[in-house]
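Please read the following walk through a protein chain with the coordinates open beside it.

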Amino acid sequence: MIQHIKYVNKTGKVIDPHIIPNDPDVHLAPYILKPGEEGYISAEGIINKEPDTYDVKVKINPIKPASDVKSLKVKEDAMNQEKENHILHITGTATNNTKQSIEYILVGAAVYGKHDEFIGTTFQSEEAQLTPGKSISFDSTSSQIPDKELAKVKTYKVVASTYQE
């Protein structure tokens, strides 16, 4: 569970102290992180600054989650941009590689520049009735990365997960 999110400038000063972790525009994928696991966070529309001018500090409560989070197999993934609409897409297929049926998927991706510098994130969440072995296509998007930054995007990492109560 996210307890606290701070958006800070390069000197460590908080940019906006009013951002709250349960804001509906704040997303984290995977939804629950294991110790040492990397996740992707997005707050589209909340921070209106260039990505290289701020950093995100997240404090997460170390609790045993009520949900069981499972990683899903991702294949046929690709990245493309709708330059005229300023939208970045990470598409692909998520496969239920668990032994149980699932009802929900969350897809998060991070995009990077030529020198592996972080540029931004894309997200998608949706209800998906998937029995073991079945797949669903996804289209994880962002419309909030500035054009100047979109032009720098070279690589990405994508994760798909599900959780069960």
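Ile 119 lies in strand β8; helices (H or I, at least four residues) and strands (E, at least two) are DSSP runs, numbered from the N terminus. The model is a predicted one, in which local features need pLDDT of at least 70 and side-chain atom pairs count only at pLDDT 80 or more, while totals for chains, interfaces and linings use all residues. Residues are numbered from 1 along each chain as its sequence is written, and side-chain values use heavy atoms, with hydrogens and water left out.

Is Ile 119 buried or exposed? Ile 119 counts as buried because its relative accessibility is 2%, where buried means under 20% relative accessible area, exposed over 50%, and partly exposed in between (1.4 Å probe, protein chains only).

The whole chain gives the setting. Of its 165 residues, 36% count as buried. Among contacts (heavy atoms within 4.5 Å) with a separation of 6 or more, 68% are between residues 24 or more positions apart. The chain exposes about 9,900 Å², and carbon and sulfur atoms supply 49% of that area; accessible areas come from the Shrake-Rupley method with a 1.4 Å probe, and for residues only the protein chains shown count as cover.

Strand pairing comes next; two strands pair if DSSP finds at least two bridges between them. β7 and β8 run antiparallel and are joined by ten bridges. Within this pair, Ile 105 stands opposite Glu 126 in β8. The hairpin of β7 and β8 has five residues between the strands, and Asp 116 takes a positive phi near 60 degrees there. Strand β5 (residues 68–82) also runs antiparallel to its partner β6, with eight bridges between them. Val 74 stands opposite Ala 94 in β6. In the hairpin of β5 and β6 there are four residues between the strands, and His 86 has a positive phi near 60 degrees.

In soluble globular proteins, nonpolar side chains tend to be buried together. A nonpolar core is here a set of buried Ala, Val, Leu, Ile, Met, Phe, Trp, Tyr and Cys residues joined through side-chain atoms within 4.5 Å. Which members of the largest nonpolar core touch the most other members? They are Ile 105 and Val 111, in a core of 19 residues. At least two residues of this core come from each of β6, β7, β8 (118–130), β9 (135–142) and β10, and β7 gives the most, with five. Ile 105 is in contact with Leu 72, Gln 124, Ser 125, Glu 126, Ala 128, Ile 136 and Ser 161, leaving aside neighbours within four places in sequence.

A pair of aromatic rings is described by the distance of the centres and the angle of the planes. Rings of Phe, Tyr and Trp (its six-membered ring) pair if their centres lie within 6.5 Å, and planes under 30 degrees apart count as stacked, over 60 as edge-to-face and the rest as tilted. The structure holds one aromatic pair. Tyr 112 and Phe 118 form this edge-to-face pair, 6.1 Å centre to centre with 70 degrees between the planes. Tyr 112 counts as buried because its relative accessibility is 12%, whereas Phe 118, at 46%, counts as partly exposed.

Tyr 112 is also one of the residues in contact with Tyr 156, as are Val 111 and Asp 77, neighbours within four places in sequence being left aside. Tyr 156 lies in strand β10 (residues 155–164) and counts as partly exposed because its relative accessibility is 22%. Its side chain makes a polar contact with the side chain of Asp 77 at 2.8 Å and reaches the backbone nitrogen of Ala 78 at 3.3 Å. A polar contact is a pair of N or O atoms within 3.5 Å; within protein, one must be able to donate a hydrogen and the other to accept it, and residues adjacent in sequence count only if both atoms are side-chain atoms.

Asn 96 lies in the loop between β6 (87–95) and β7 (102–112). Asn 96 is buried, with a relative accessible area of 1%. Its side chain makes a polar contact with that of Thr 98 at 2.6 Å.
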